[in-house]
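User: I'd like to go through the calls made on this model and hear what each one rests on. Here it is.

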Amino acid sequence: MYDYYLGGKDNYEVDREAARKILHAAPFTPVLARHNRRFMQRAARHLAASGIRQFLDVGTGLPTQGSVHETVRPLVPDARVVYVDNDPVVVAHGRALTATDEATIVVRHDLRDAGALLDDGAVRAAIDLGEPVGLMLLSVLHCLADDEGPYAAVAALRDALAPGSHIVISHITGDDEVTENSVSVYGRANTGMTHRSRERLLAFFDGWTLLDPGLVRLDEWRPEPATGTIGAGGDYYLCGVGIKEAR
């Protein structure tokens, strides 16, 4: 669906059908997709410029144009990229699209079982956990309800990463009124999205220094510049980059 929203060609009729249903209930969704994709690309370039040479991308969206490996290759030709998705069709399609890229692999795992992902032989062969890693969690955490352990899953991944690693997160959120409105809208589209307050999103960065892709230290979240609106006022899309400091 993301590829469809972004005007790409790598999508199936089932994707287009589902996307059209969401567009009927939430016509602003392509705006969110474009903002999120630009944030991902900006963040990936920032990580590459900061010395990150390996990326673990959980759910950002492959196949989709302008993905992590396409973004970082001009800066780091030998960067290693691991894409993770729990949809077997997405995994198969992603493998077909990256078949000629030896430094990119696509594996099937569920974020809720971070241990299995970290123990995967192919992942361990591609990613050296003793060196800094760029952990990309773009528009995936809203797929995990509170009773599915999103904080524990992210903590397991964060704990496994070496100092100097970065974590990149984006998540739909806002003030109480906007969050309530967006839950209602996406609920009508049957997407099962989970919305969280900015305070709860900050918990994903506990113990890490929060940055933005421009290397400007932030004391609080800063949303993407708004070119469209979801509800009556308030932030609607919050993004953050954190770095793991040595202890």
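User: Why is T104 called buried?

Analyst: Buried means under 20% relative accessible area, exposed means over 50%, and partly exposed lies in between, with a 1.4 Å probe and protein chains only. T104 comes out at 5% relative accessibility, so it counts as buried. Residues are numbered from 1 along each chain as its sequence is written, and side-chain values use heavy atoms, leaving out hydrogens and water.

User: What makes the pairing of T104 with R73 a polar contact?

Analyst: The term needs a pair of N or O atoms within 3.5 Å; within protein, one must be able to donate a hydrogen and the other to accept it, and residues adjacent in sequence count only if both atoms are side-chain atoms. The side chains of T104 and R73 make theirs at 2.9 Å, and the side chains of T104 and D101 are joined by another at 3.1 Å. T104 sits in strand β3 (residues 104-108); helices (H or I, at least four residues) and strands (E, at least two) are DSSP runs, numbered from the N terminus. Contact means heavy atoms within 4.5 Å, and beyond four places in sequence T104 is in contact with H69, R73, V81, Y83 and T98.

User: How do you know that the buried residues of helix α8 line one face?

Analyst: The residues in question are P150, A153, V154, L157 and R158, in a helix running over 150-160. Seen down the axis of α8, they fall within an arc of 130°, so they line one face; the arc is that of the directions from the helix axis to the C-beta atoms. As background, an α-helix has 3.6 residues a turn, so residues three or four places apart point the same way. A152 and D159 are exposed on the face turned away from the buried side. The cover over that buried side includes α6 (114-119), β4 (134-138) and β5 (166-172).

User: What makes a set of residues a nonpolar core?

Analyst: They must be buried Ala, Val, Leu, Ile, Met, Phe, Trp, Tyr and Cys residues joined through side-chain atoms within 4.5 Å. The largest such set here has 30 residues, and V58, V82, L111, L135, L137 and I167 have the most contacts inside it. At least two of its residues come from each of β1, β2 (80-85), α6, α7 (121-126), β4, α8 and β5. Beyond four places in sequence, L111 is in contact with V58, L137, V140, L141, L144, A153 and L157. Another core, of 21 residues, lies apart from it, with A48, V72, V81 and V241 among them.

User: How do you know that the length of α3 agrees with expectation?

Analyst: The expected span is 1.5 Å times one less than the number of residues. For the 21 residues of α3 (residues 29-49) that should be 30 Å, and the end C-alpha atoms are 30 Å apart, so the two agree. The helix is mostly covered, with 16 of its 21 residues buried. Just after α3, G51 takes a positive phi of about 105°.

User: What makes S139 worth a look?

Analyst: S139 has a positive phi of about 50° although it is not a glycine. Most residues other than glycine have a negative phi. S139 lies in the loop between β4 and α8, and at 12% relative accessibility it counts as buried.

User: Which element has the lowest mean pLDDT?

Analyst: Strand β7 (residues 222-223), at 43, whereas strand β1 (residues 54-58) has the highest, at 97. pLDDT is the predictor's confidence in each residue, from 0 to 100. Over residues 213-236 it is below 50, though this stretch has 62 contacts in the model beyond near neighbours in sequence. Where pLDDT is low, the predicted coordinates should not be read in detail. The chain mean is 81, with 79% of residues reaching 70 or more.

Note on methods
Predicted model: local features only at pLDDT ≥ 70, side-chain atom pairs only at ≥ 80, totals over all residues.
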